[in-house]
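Dear colleague,

I am passing on the structure below, together with notes on a pocket and on some charged pairs. Please read the notes with the coordinates open beside them.

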Amino acid sequence: MQPPLISLPDPSPIMQVGMGFMASKTLLTAVKMGLFTELGSSSLGPREIQKRLNLHDRSLFDFLDALHSLGFLNREGMGENATYSNTEATSMFLNKNNLSYIGGLLEMSNDRLYGFWGNLEEGLRSGKPQNEVKHTEDHHFERLYANPEHMQLFLEAMAGAQMGNFLAFARSFDFSKYKTLCDVGGASGQLSIIVAMHQPHMTCTSFDLPVIEPAARSIIGRFPLNGRVTTGAGDFFKDDFPKADIIFMGNILHDWGLSDKKSLIRKAFDALPPGGAFVVIECIIDDDRRTNTYGLLVSLTMLIETHEGFDFTFGEFTSWTQEIGFRETRLMPLTGPSSAAIAYK
């Protein structure tokens, strides 16, 4: 008599995550090489792609077909007779010629984060960052902004990563009660530009370090906004925030420890009038800490990148803001794992 079959757990999820670095590096390499930009809206054969990207014969088809299998390329035919093209998603988000390009974040991940994440174990044991400031007390922004190329890479990465969130916020938030907005840590001024374009009654200020201001002014000057977007220069820990009806922060709070987080929240409170809104866009972790996996992984990235930073739940945001004096909070889902946590004075 044949023994009954034993039902065993499926090891596939373990293998997919445990060996996930292979898929990750394949996509990051394609972005770095500019494959999706070269394809644009066209279809290309493997030899034309090989020529444009200067690829070796060996593994050419493995590389392209792996990207097809992962869902990042369309393919018609096979082998030498195949043609490859962008999917709807890669055409929109990974073609540098589109304003919706988010590949800057992936380029930075390829050039910086991918290697640093190899030291996660050391970071978990030491509690210390594993990036350029690993053996110093510096904050990683000091190192990034000291190098013009690294600064530009970082600004482009953040702009691309937040484009969808900024558009969703500009279209969905009720601006009818407000006239002014200050984006604290505004970098290239992207949020201010998008809000001003979608809300003609709003005047916006992008506030960041003096080293950032020239780049922000240059970008803002490309848009016909009739002076409704300006820049402000200062250190948000040392200087008061510009007064505004809305104080905005995009991926700022998670860079800092709890005491610094509360200090920034207090400064936002002081800069707002009664009825003003403090808006934070982050990968807000769900209160049960179960479902926003990306938010939890971003918090681990803060271990890699900062001395004390961490991501947080909406419940924690509510507790901190109400402790400081905000009267109520709400959560606005945006794109993917990101949300806007809003506190009203």
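The second largest pocket has a volume of about 160 Å³, where a pocket, on a 1 Å grid over the protein atoms alone, is an open set of points where a 1.4 Å probe fits, with protein on both sides within 12 Å along at least five of seven lines, and a volume is the space filled by probe spheres set on the points, which are joined across faces, edges and corners. This is a predicted model, in which local features need pLDDT of at least 70 and side-chain atom pairs count only at pLDDT 80 or more, whereas totals for chains, interfaces and linings use all residues. Residues are numbered from 1 along each chain as its sequence is written, and side-chain values use heavy atoms, with hydrogens and water left out.

The lining of this second largest pocket (residues with an atom within 4 Å of a point) includes Leu 27, Gly 71, Phe 72, Ile 102 and Leu 106. Its largest share, three residues, is contributed by helix 6 (residues 88–93), helices being DSSP runs of H or I with at least four residues, numbered from the N terminus. By class, the lining has seven nonpolar residues, three polar and no charged; here Ala, Val, Leu, Ile, Met, Phe, Trp, Tyr, Cys and Pro count as nonpolar, Asp, Glu, Lys and Arg as charged, and the others, Gly among them, as polar.

Turning to the charged pairs, the structure holds 13 salt bridges, each defined as a side-chain nitrogen of Lys or Arg within 4 Å of a carboxyl oxygen of Asp or Glu. One of them joins Glu 132 to Arg 112, with the closest N and O atoms 2.8 Å apart. This pair links distant parts of the chain, 20 residues apart, with Glu 132 in the loop between helix 8 (120–126) and helix 9 (140–146) and Arg 112 in helix 7 (residues 103–116). Glu 132 is partly exposed at 27% relative accessible area, while Arg 112, at 7%, counts as buried (buried means under 20%, exposed over 50%, partly exposed in between, with a 1.4 Å probe and protein chains only).

Within helix 8, Glu 121 and Arg 125 lie four residues apart, about one helical turn; their side chains meet in a salt bridge of 3.4 Å, N to O, and both residues are exposed. In helix 12 (residues 213–220), Glu 213 and Arg 217 are likewise four residues apart, and their salt bridge spans 3.2 Å, N to O. Here Glu 213 is buried at 16%, whereas Arg 217 is exposed at 52%. Finally, a network of salt bridges links Glu 38, Glu 48 and Arg 52.

With kind regards

Key
Helix = DSSP H or I, 4+ residues; strand = E, 2+ residues; numbered from the N terminus.
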